Amino acid sequence: MARYLIGMTGASGAAYGVDFVKRCPGEKYLVLSDWARHVLHDETGLKPSDLEPHVARTFADNDLAAPFASGSNRHDAFVILPCSVSTLAKIAVGIADTLITRAAFVALKERMRMVLCVRETPLPTVALEHMARLSREGVIVMPLSPPWYQKPASVEDVVRGFTNKVLGVLGEDAGPGWRETELE
């Protein structure tokens with residue numbers, strides 16, 4: 001069974017993080033930044049405790065003594081969804097002052113898979129440079145850009161379309177692909 005660390009930051013798009021937490025298979029651990037907790041409630045009406053049934057454990061972002069602050073505790077991937085540009089910038093320059101940024105630093109140094117689902121638009125040049133730097137390090141940068149080829153009929157379908165893309169990047173079942181029936 002795969003082990004996933006999931007971080008949620010204060011960027012808008014909490015619905016994506018919630019859907020991913022609920023649908024991602026495997027052993028999951030969750031870290032929410034302080035602002036993620038606010039955005040989660042503001043955008044979805046949920047509390048962090050509403051996500052606890054879907055994860056093995058939730059860690060506070062200020063807990064730098066948590067197991068994932070060390071490279072000796074491996075995971076198959078670290079997914080930050082949504083990822084603020086502030087978090088992106090800290091990761092790109094090696095600032096590890098929270099559990100989310102420390103776990104990202106560990107993922108980089110230990111060459112563990114990391115997926116950053118960035119939610120910001122328009123993107124300033126400095127953010128694009130940070131994305132390019134992290135991509136060269138092997139990080140998968142996925143701006144929150146949901147696909148429309150499945151003809152979503154609801155907001156939930158739009159959210160699910162993007163989280164399917166993230167699941168696919170992790171090698172998990174992502175649902176049918178574009179025009180997949182033509183391959184049968």
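Trainee: Why is lysine 109 called partly exposed?
Mentor: The label covers the range between buried, under 20% relative accessible area, and exposed, over 50%. Lysine 109 has a relative accessibility of 40%, so it counts as partly exposed. Keep in mind that this is a predicted model.

Trainee: What makes the meeting of lysine 109 and glutamate 110 a salt bridge?
Mentor: The cut-off is a side-chain nitrogen of Lys or Arg within 4 Å of a carboxyl oxygen of Asp or Glu. For lysine 109 and glutamate 110 the N to O distance is 2.7 Å, so the pair meets the definition.

Trainee: Which residues are linked with these two in a network of salt bridges?
Mentor: Arg74 joins Lys109 and Glu110 in that network. Arginine 74 forms a salt bridge with glutamate 110, with the closest N and O atoms 3.5 Å apart. Arginine 74 sits in the loop between strand E3 (57–60) and E4, while glutamate 110 is in the loop between helix H5 (99–109) and E5, so their pairing ties together parts 36 residues apart in sequence. Arginine 74 is partly exposed at 42% relative accessible area, and glutamate 110 is partly exposed at 27%.

Trainee: How many salt bridges does the structure hold?
Mentor: It holds 6. One of them is formed by glutamate 27 and arginine 3, with the closest N and O atoms 3.4 Å apart. This pair links distant parts of the chain, since glutamate 27 is in strand E2 and arginine 3 in strand E1, 24 residues apart. Glutamate 27 has a relative accessible area of 22% and is partly exposed; the value for arginine 3 is 27%, also partly exposed.

Trainee: Which residues meet where H4 and H5 come together?
Mentor: From H4 there are Thr87, Lys90 and Ile91, and from H5 there are Ile100, Thr101, Ala104 and Leu108.

Trainee: What makes a group of residues a nonpolar core?
Mentor: The members are buried nonpolar residues joined through side-chain atoms within 4.5 Å. The largest core here has 29 residues, and Met8, Phe20, Leu30, Leu81, Cys117 and Phe162 have the most contacts inside it. Among the elements giving two or more residues to this core are strand E1 (3–8), helix H1 (14–23), strand E5 (114–118) and helix H7 (155–169). Apart from it lies another core, of 28 residues, including Phe59, Phe78, Ile91 and Val139.

Trainee: What does cysteine 117 touch?
Mentor: Beyond residues up to four places away in sequence, cysteine 117 touches Ile80, Leu81, Pro82, Cys83, Met142, Leu144, Phe162 and Val166.

Trainee: Is tyrosine 149 buried or partly exposed?
Mentor: Its relative accessible area is 35%, so tyrosine 149 is partly exposed. Tyrosine 149 is found in the loop between strand E6 (140–141) and H7. Leaving aside neighbours within four places in sequence, tyrosine 149 is in contact with Lys165, Gly177 and Trp178. The C-alpha atoms of tyrosine 149 and glycine 177 are separated by 9.1 Å, and the two residues are 28 apart along the chain.

Definitions and conventions
Residues are numbered from 1 along each chain as its sequence is written. This is a predicted model: local features need pLDDT of at least 70, side-chain atom pairs count only at pLDDT 80 or more; totals for chains, interfaces and linings use all residues. Side-chain values use heavy atoms; hydrogens and water are left out. Buried means under 20% relative accessible area, exposed over 50%, partly exposed in between (1.4 Å probe, protein chains only). Helices (H or I, at least four residues) and strands (E, at least two) are DSSP runs, numbered from the N terminus. Contact means heavy atoms within 4.5 Å.
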